[in-house]
Amino acid sequence: MKYDLIIIGGGPAGYLAGERAGKNGLKTLLIEKRFLGGVCLNEGCIPSKVLLYSAKVYESAKHSQKYGVEVESIKLNHKMVLERKNKVIKTLVTGIKSKLRKNNVEVVDGFAEILGRNKDGYVIKVNNNEYIADRLLIATGSSPFVPPISGIKEGLAKGYVLTNREILELDAIPTSLVVIGGGIVGLEMASYFNSAGSKVTVIEMLDHIGGNMDREISDILLNTYKKKGIEFELSSKVIEIKDSKVVYEKEGKLIEKSAEKVLLSSGRRPNVEGFGLENIGVEVEKGRIKTDERLKTNVPEVYAAGDVNGKLMLAHTAYREAEVCINNIIGKRDVMRYEAIPSVVYTNPEVAWVGETEESASQKGFDYEIVKLPMLYSGRFVAENDGFDGLCKILIDKKKKTILGCHMIGNYSSEIIYGVGLMIEAQMRVDDIKELVFPHPTVSEIIREVIFEI
Amino acid sequence: MATPVIMPKQGQTVESCIITKWHKKKGERVEAGDLLFSYETDKASFDEEAKVSGILLDIFFEEGEEVPVLTNVAVIGEENEDASLYNPKKVSDNTAAVPENAEISNEVKKEEDVSQETRKPKESLQSSERIKISPRAKNLAEKLNVDYRFATPTGPEGRIIERDILELFNSGYVFTSAAKAEAKEVGNLKDVEPSGIGGRITTSDVEKAKESFKIQKSDIELSAQIIKDETEYEEAPLSNIRKTIAKAMYLSLTTTAQLTLHTSFDASNILEFRKRVKENREKLGLEDITINDIILFAVSRVLPKHKALNAHFLDDKMRYFKNVHLGFAVDTERGLMVPTIFNSNKKSLNQISKEAKELAELCRKGTINPDLLKGATFTVTNLGSFEIEGFTPVLNPPQTGILGVNTIVMRAKAQNGQISYYPAMGLSLTFDHRALDGADAARFLQDLKKWLENFELLLAC
């Protein structure tokens, strides 16, 4: 069977590319070896958000008295949360299937192997059938990085060491949980299991949490988590896992921490091996497929989008990359820009940011000024967040008077941050933003408040 | 109802087409599907059929006229219908092709005397000149976020009017608001590639353009400096050989249609062969056979199968040679010389190697018989020893081909799932496109490549 485009991988990059390609009249085949929706939908963004929302509802109920609401016998039922999670996933996966069908995209379940290229195109084998296409989009995503720590493999085999896949299937809340890695995924899981009643410890190699999150915000987040009872071991390196004990080194000392379960959350690694990339000579650099600004690989008509190119491993980056690929395939010149891609931590409180941090702005030599205000400057935030200040911090390019970056901590920031991304993309100047009308009262008004500080 | 016939848009890059023939006359009846007119781009020709039936009321462009795509070229309708409404020439004289917007066309009507030809946006900016712009146009520029300094004025006395701003907007020069504030120092927008959202020009695009403008400027300043320092040079008369080479090169490039194709081949085989020759040379009494000798030999064997390249192009006829007289370029102190190995197709590799060495030596000494510098049917030139990876050899007319030999570079290839490296040697073939087609030349290169990769088989032939 001959196609205009074969997409390998049905995660965010793959299924969205499929939809857009089909809509543009390309005869498209999508091949997925596990579940449509990929990690994002099945074992990443969406299921974790279901869990976190339950935690948020639970916490709101616990603190409802502050808001004049009296509730009795509050309990978080993890099994019911998991049932709801599965229902949400099912709804969304069904939605993807129907969208693909609507856009005439064929979907094949199975493991795709690139056999090579002949005069008709790229030959892909799935379940002993061969498919041929003029173009390929590699969207094979990524897998959890398993660090070379002694005892980790045994732990995984015995089931007390978990990745993001297994932890979402736990039917009971562990009494204690050690999370290795204080990045976004680690923090979100730590936050849920802490709310659900686990004794949670996060072990992080760096001296701060949240990866490249703004330091000031990350410190506020750390203190908030600590108040909730999560323990943090920063600047600590895990050496060994033995009999559900995690051994780590901190300030030259070896410390042991017992835990019922251990969650591995130390990053992800692009899936570039085992499906025949080498048969067509796709260049892989530092374990990821090398792509240009149009997401083209070194091989003609072969594109790579999503985690597999390792640029910014986020589902929304994958979406946009998928669109850039399809636009270029259909002859519409489009380039990928990574300067205004937002990041979000969906815990309670939420954290969101976009653009440069102080560190990156200084490194790049920008001449910038910082303006910041507590989120309390928003009336709605005060009404809904008793006892938490929050912070909104904006970096302004002194010369161009445009936004370089924005960092927020406080609920709803996840929904607000795209607006700032838009301001960065459109290179709006401070004076332009001052002319925008924000709905009142909303938490988003904090952006306007901060901008008027200039 | 009258229906305009428009010049179709063939491909993304085609901006205008030339009408080559009208198949119907003004006033004639046409049926849908009738051949209406033929037109061509710079590469292809097309026919346009009538899409509706009726009387061909008017034809706005004659045969031979160049028409921008999507412009009305004619009108089909009922008898006595008014076709002038669709005449783009008339529109441009009065109201111009401005979108149907009452406000805008009122303004344009007031400002008359506009010529059609200069409707393209101005690409270079002279910030020093005072810019005349109507207040209405200025407001629109502000609204659309375009920089009016880049507009081409088509209003009276060189004034920018509203439609110029619309033209600028439609031509894609839209800035982000920050970029617009930064754009003052941009000299030329032609090379700016918008990278922003919706194709907007961003501050970084402006930065890049400024940078390239600075470079251009500094080049000019540098040139000016060089001109100033009049004492900083020496003059020397050209040697005869340099004069001859200069004349030949100029003649070659001005009188032929040269095109170069590049390819490369896996040189493992010939390198291995050369190694074996070296090891057994003395034992077998062989010449010191070089890679260049191997190439000369291969060319002498492959050329007879590609007679258009073993030929002379004599304007009105081709002269095909039965034997291969192979010229090869020799670098000498006095300049480039090209001696000929006559009947090379009948000579063994060892003979070719020996003769090539002798001829090169005679060239270097300057004692070569001029007859040995003539009569070649094809030439080989080698810049491989200078580590050149690709170049454009210049033909030696009336020869139809010259092969350039490049250096060896290591390339990767995938075989059975493994990446391996092989020595790749580049070949650059310039040929006279008047004498043969690209595919003919490509076939020769393909053949040569095949034999060089299986060199020992060639020796057996």
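In chain A, β8 and β15, the latter covering residues 261-264, pair in the parallel sense over 2 bridges. Within that pairing, Leu162(A) stands opposite Leu263(A) of β15(A). Please keep in mind that this is a predicted model. The two strands belong to an open sheet of 5 strands in chain A, with the order β8-β15-β9-β10-β11 and parallel pairing. At the edges sit β8 (161-162) and β11 (231-233), each of which pairs on one side only.

Strand β1, residues 2-8, pairs with β2(A) in the parallel sense, here over 4 bridges. Ile6(A) is the residue opposite Leu29(A) in β2(A). How many residues of strand β2 are buried? The count is 5 of the 5, residues 28-32, so β2 of chain A is largely enclosed by the rest of the structure. In a regular strand the side chains alternate between the two faces of the sheet. In β2(A), Thr28(A), Leu30(A) and Glu32(A) lie on one side, Leu29(A) and Ile31(A) on the other, and all are buried, which leaves both faces covered.

On to the nonpolar cores. The largest has 65 residues, and the members that touch the most others are Ile394(A) and Ile447(A). Going back to Ile394(A), and leaving aside residues up to four places away in sequence, its contacts include Ile447(A), Val450(A) and Ile451(A). Ile394(A) also touches Glu369(A), Ile370(A) and Val371(A), as well as Ile403(A), Gly405(A) and Cys406(A).

That last residue brings me to the cysteines. A disulfide is a covalent bond between the sulfur atoms of two cysteines. Cys392(A) is buried, with a relative accessible area of 0%, and Cys406(A) is buried with a value of 0%.

Now a position annotated in UniProt. An unreviewed entry there puts the feature "active site" at His440(A). In the model, His440(A) is in the loop that runs between α13 (430-434) and α14 (445-451) of chain A. Is His440(A) buried or exposed? His440(A) is exposed, with a relative accessible area of 63%.

Chain B, briefly. The chain contains 12 helices and 18 strands, and 42% of its 461 residues count as buried. Taking contacts in chain B between residues at least 6 apart in sequence, 62% join residues at least 24 apart. UniProt, again from an unreviewed entry, places "domain: Peripheral subunit-binding (PSBD)" at residues 132-169 of chain B. Over residues 132-169 of chain B, the model has 47% helix and 0% strand, with the end C-alpha atoms 18 Å apart.

Last, confidence. The average pLDDT of chain B is 82, and 83% of the residues score at least 70. Residues 92-128 of chain B have a pLDDT below 50, and this stretch has 64 contacts in the model beyond near neighbours in sequence. The scores for the model are ipTM 0.73 and pTM 0.60.

Technical notes: Residues are numbered from 1 along each chain as its sequence is written. Chains are lettered from A and ligands numbered from 1 in the order in which they are written. This is a predicted model: local features need pLDDT of at least 70, side-chain atom pairs count only at pLDDT 80 or more; totals for chains, interfaces and linings use all residues. Side-chain values use heavy atoms; hydrogens and water are left out. A nonpolar core is a set of buried Ala, Val, Leu, Ile, Met, Phe, Trp, Tyr and Cys residues joined through side-chain atoms within 4.5 Å. Buried means under 20% relative accessible area, exposed over 50%, partly exposed in between (1.4 Å probe, protein chains only). Contact means heavy atoms within 4.5 Å. UniProt positions are given in the numbering used here, feature names are shortened, and annotations may be inferred rather than shown by experiment. pLDDT is the predictor's confidence in each residue, from 0 to 100. Two strands pair if DSSP finds at least two bridges between them.
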